Amino acid sequence: MENNPGSPSGTASPEQLLHASGYQVSAADGLEAAIPLLPDADASLLIVPISQYVEWRKELMLHKAAPVLWWCCEQTADLSADACEDDFTADGLLSPSMQPAEIHWALHFSARLFFTRQQWTKEREHLLSKLEERKWIDMAKGILSKMRGISESEAYEFLRKQAMNERKRMVDVATSIVKAYQLLHKP
């Protein structure tokens, strides 16, 4: 995908370079034209100034999760410090000076990086979810310990048995207890 600010004469365009390296390329001059091409794309190559990269990448990722690479050349690489934002994520870089073998490996490692980051994101979300569940269970144990005068291990066992009896997840029972307690003890 591109918003090509132009190539200096004598330099191969990104399309020519990728074709010469054995890749199929579909080009678009804007996001509206790029979005219909995404279902068939294995990756996106953004030929935009670095200052526009983050915005373009976010929009493309809304439509398809796939590696997004940046075309680094004189026309796209402004030296603005603002361009090096914390949320800048490029799965890879390609440049006009690359040879076919370099392009192949850059694309290969970009895809690997992208899929590894996707896996890390899923694992992070799973762990955050488990941590949130643990908070609800710990709050419910504290409430049960206080209200019933029992130890936390007894409160945990009570939650476990109640979840089995109601055929619910333990966190759902714990959440119900905490919310009912908060409702009844609202100042």
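This is a predicted model: local features need pLDDT of at least 70, side-chain atom pairs count only at pLDDT 80 or more; totals for chains, interfaces and linings use all residues.
# Helix packing and loop residues

Reader: Which residues make the meeting of H5 with H6?
Author: H5 (152–166) brings Tyr156, Leu159, Arg160, Gln162, Ala163 and Glu166.

Reader: What makes H4 and H5 roughly perpendicular?
Author: H4 (100–148) and H5 pack at about 115 degrees, with axes 8 Å apart. The roughly perpendicular class runs from 65 to 115 degrees. The pair is therefore placed in that class. H4 passes H5 in a right-handed crossing.

Reader: Which residues of H4 and H5 make the contact?
Author: On H4 they are Arg134, Ile137, Ala140, Lys141, Leu144, Ser145 and Arg148. On H5 they are Glu152, Ala155, Tyr156, Phe158 and Leu159. These divide into 7 nonpolar, 1 polar and 4 charged.

Reader: Which residues does H4 use to meet H6?
Author: H4 uses Glu133, Trp136, Ile137, Met139, Ala140, Ile143, Leu144, Lys146 and Met147. Their partners in H6 are Met170, Val171, Ala174, Thr175, Ile177, Val178, Lys179 and Tyr181. The classes are 13 nonpolar, 1 polar and 3 charged.

Reader: What is the overall fold pattern along the sequence?
Author: It reads α-α-β-α-β-β-α-α-α. That is 6 helices and 3 strands. Buried residues are 34% of the 187. The protein exposes about 12000 Å², and carbon and sulfur atoms supply 55% of that area.

Reader: What share of the contacts with a separation of 6 or more joins residues 24 or more positions apart?
Author: The share is 62%. Methionine 98 and leucine 17 are a pair to look at: they are 81 residues apart along the chain, and their C-alpha atoms are separated by 8.4 Å.

Reader: How do you know whether methionine 98 is buried or exposed?
Author: Compare its value with the cut-off. Its relative accessibility is 14%. Buried means under 20%. Methionine 98 therefore counts as buried. This residue sits in the loop between E3 and H4.

Reader: Which residues is methionine 98 in contact with, leaving aside neighbours within four places in sequence?
Author: Leu17, Leu93, Ile103 and Ala106.

Reader: What makes glutamate 74 exposed?
Author: Its relative accessible area is 72%. The threshold for exposed is over 50%. Glutamate 74 therefore counts as exposed. Look for it in the loop between strands E2 (68–71) and E3 (92–94). From glutamate 74 to proline 49 is 25 residues in sequence and 9.5 Å in space, C-alpha to C-alpha.

Reader: How do you know whether aspartate 40 is buried or exposed?
Author: Aspartate 40 has 73% relative accessibility, so it counts as exposed. Its place is the loop between helix H2 (31–34) and strand E1 (44–46). Lysine 64 is 24 residues away along the chain, and the two C-alpha atoms are separated by 9.9 Å.

Reader: What makes the phi of arginine 167 worth a look?
Author: It is near 55 degrees, a positive value in a residue other than glycine. Most residues other than glycine have a negative phi. Arginine 167 lies in the loop between H5 and H6.

Reader: Why is arginine 167 called exposed?
Author: Its relative accessibility is 78%. Exposed means over 50%. Arginine 167 therefore counts as exposed.

How values were computed. Residues are numbered from 1 along each chain as its sequence is written. Side-chain values use heavy atoms; hydrogens and water are left out. Helices (H or I, at least four residues) and strands (E, at least two) are DSSP runs, numbered from the N terminus. Buried means under 20% relative accessible area, exposed over 50%, partly exposed in between (1.4 Å probe, protein chains only). Contact means heavy atoms within 4.5 Å. Accessible areas come from the Shrake-Rupley method with a 1.4 Å probe; for residues, only the protein chains shown count as cover. Axes are lines fitted to C-alpha atoms, for helices over the stretch in contact, and angles run from 0 to 180 degrees between N-to-C directions. Angles under 35 degrees count as roughly parallel, over 145 as roughly antiparallel, 65 to 115 as roughly perpendicular and the rest as oblique. A crossing is left-handed if the near helix is turned anticlockwise from the far one by less than a right angle, and right-handed if clockwise. Ala, Val, Leu, Ile, Met, Phe, Trp, Tyr, Cys and Pro count as nonpolar, Asp, Glu, Lys and Arg as charged, and the others, Gly among them, as polar.
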